[in-house]
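This report describes selected parts of one structure in plain terms. Please look at the sequence and the model first.

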Amino acid sequence: MKPLLVLPIILPLAAAAGCLLAWRSRVAQRVIGVAGAAALLVAAVLLLQSVWRDGVQAVQIGRWPAPFGITLVADTFSALMVLLAGIVGFATSLYSLASIDARREQYGYHALMNVLLMGVCGAFLTGDVFNLYVWFEVMLIASFVLMALGGERAQMEGAIKYVTLNLMSSAILLAAVGVLYGLTGTLNMADLSVRVAARPAGGVMTAVSMMFLVAFGIKAAVFPLFFWLPASYHTPPAPVSAVFAGLLTKVGVYALIRMFTLVFTHDVAFTHGLITLVAAFTMLSGVLGAAAQSEFRRILSFHIISQIGYMIMGLGLFTAAAVAGSVFYIAHHIIVKTNLFFVSGVARRLRGGYRLDGLGGLYRDHPWLALMFLVPALSLAGIPPLSGFFAKFALVRAGLAIEGYGIVGVALVVGLLTLYSMTKIWSEAFWKPAPGNAAESPAPPMSADARLMLVPIALLALLTVAIGLAPGVLLELSVRAAEELMNPAGYVTCVMGEPS
Amino acid sequence: MTSVILTTTARLLHPVLLITSIFLLLRGHNEPGGGFSGGLVAASAFALHAMAHDARQARRALRIDPHVLIGVGLLTALSAGVMSLAAGAPLLTGLWTSVHMPGLGEWAIGTPLLFDVGVYLVVVGITLLIILCLSEAE
């Protein structure tokens, strides 16, 4: 069914418009916001199912034929990413019901969240480089407002850094798209794939690919372009930083993987070698940065960076098994990282802050919350049988298969250091006695709001456990996604039609 | 401070600007114009009203909350795109039909026009939302 391909864009847009119509009513906006995210999740499941059954699908928007119009394409990778966006979107909108204040809701929080989801899904589905830039902008403009909404002092400081760096990256991306168009005369990714391969591999094309690497690298927060991320992600309210941490940087990773498997494969030794090097430094700098932090969300923010390193490590190694590892890692990471930010929000609700020295005693007072923190935290560190173990295992095995001992060594050491950071949060926030006189007094029961916040946390934790217990499903999906990425012929035929 | 000259001019210009905006909107399919420029002209009519009187008066003259205009505009544009799905064509494919209007002859009417109407409403809504908010903040 072709309409399925456009539903992940139409549904959030309709929900955002609905929220605007219901501007005066906070209740109606909440209902429409959650309904939009739920509808997106359902559409995403159907899309993935249909792609799994029938293979790559494309639709030519407005019936303008392929290299001229805008194409939407869904292969297994895109469909899986849209599904992850649906899961995170739905979980976040549930979580927001309990944790976003009335003022932010009145200023259009739910509408913006849906616009953000629309931008993310558009970026995953588009088959046109310029259109990809446009979706990035849709996503970024919504995220700028979400970042600054509420107008707290710390938020403004974070937002200025976030906006400045992202605008710079957009400018570089736009310039790169322009140069690429000048060189090849096309913007359609499938057409680009053919034309770039037909050109003699030269320095100019490599230079353009480096522009893309920098532009997407800033958005994905890779070494040495990551510094905006830990400076801004801990400033907005918990659900906003959860959706940023879970989804937004991964859109940059998605774009990197898409461009460097489909288009820029003319000089793999140089470009992908560089990506592997970047991956190693990204992993290390992220995890070492985290070790120096003592604020819940700042530790998590630095860990996003080190995890991004794992994701592009698979791309750098550039074998089908390694790319499959990357895809698996992205899926695992999105669920786990969103959940950890959710938990940090509950900890703040219970203890009034994010600083680890002010937290404490959460295990004694709320053992269930502690358990639900432990699942994603141990998964992030790669402890079996949780999802992170299989993600790391797939990458390490792919690395050993092509004798990339250096990068595998880095990956293993970083896994160990991740465990150190997670242990730090565990012992500071959950294990140690609560500071001050709170230690003696009996724990106040959780408010209804906080209990509602636990629902999406429990759902995502269950998903993490489920992936860990039955990794076969996700592994099969990632292997197939990687096969499609490494052999773009099917993608190209689907978009451009049979060569005549 | 209200100036008699400005209020009188604004009252006279108001219908002219609105009619010009509709003209631009309808002209836009084949010639310069369209929903965006038409919407800007329509918004300028109300902005002029806000300058001549005040933002509250302009809101009253507009009658509809700008947020609702944006929402309705987005849904209108979206429905123009979705109609083609119902017809079995890809999203946003232009569908055309011709209508006979007495005295005016055959007119081609299509979903691109509906899309432009949506753009028009969104532009009016968003421009006025910004202008009115800023002038109320003074």
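## A covered helix

In chain A, 16 of the 17 residues of helix H5(A) are buried, so H5(A) is mostly covered. Buried here means under 20% relative accessible area, exposed means over 50%, and partly exposed lies in between, with a 1.4 Å probe and protein chains only. H5(A) covers residues 109-125. Helices (H or I, at least four residues) and strands (E, at least two) are DSSP runs, numbered from the N terminus. The expected span of a helix is 1.5 Å times one less than its number of residues. For H5(A) that gives 24 Å, and its end C-alpha atoms are 24 Å apart, which agrees.

The model is predicted: local features need pLDDT of at least 70, side-chain atom pairs count only at pLDDT 80 or more, and totals for chains, interfaces and linings use all residues. Residues are numbered from 1 along each chain as its sequence is written, chains are lettered from A and ligands numbered from 1 in the order in which they are written, and side-chain values use heavy atoms, with hydrogens and water left out.

## Two packed helices

Helix H8(A) (residues 189-198) packs against helix H11(A) (residues 238-262) at an angle of about 40°, and their axes are 9 Å apart. That angle makes H8(A) oblique to H11(A). Angles under 35 degrees count as roughly parallel, over 145 as roughly antiparallel, 65 to 115 as roughly perpendicular and the rest as oblique. Axes are lines fitted to C-alpha atoms, for helices over the stretch in contact, and angles run from 0 to 180 degrees between N-to-C directions.

On the H8(A) side, Met189(A), Ala190(A) and Ser193(A) meet Arg258(A), Met259(A) and Leu262(A) of H11(A). Contact means heavy atoms within 4.5 Å. By class, this contact has 4 nonpolar, 1 polar and 1 charged residues. Ala, Val, Leu, Ile, Met, Phe, Trp, Tyr, Cys and Pro count as nonpolar, Asp, Glu, Lys and Arg as charged, and the others, Gly among them, as polar.

## Salt bridges

Side chains of opposite charge can pair when their charged atoms come close. A salt bridge is a side-chain nitrogen of Lys or Arg within 4 Å of a carboxyl oxygen of Asp or Glu. Over all chains the count comes to 14 salt bridges. The table includes three of them.

| Asp65(B) | Arg24(A) | 3.4 Å |

Asp65(B) is buried at 17% relative accessibility, whereas Arg24(A) is exposed at 73%.

The pair of Glu105(A), in helix H4 of chain A, and Arg26(A), in helix H2 of chain A, links parts of the chain 79 residues apart. Glu105(A) is buried at 2%, and Arg26(A) is partly exposed at 32%.

Shared partners join Arg26(A), Arg30(A) and Glu105(A) into one network of salt bridges.

## Chain B

Chain B has 5 helices and 2 strands, in the order α-α-α-α-β-β-α along the sequence. Its C-alpha trace spans about 55 × 35 × 25 Å along its principal axes. Of the 138 residues of chain B, 40% count as buried.
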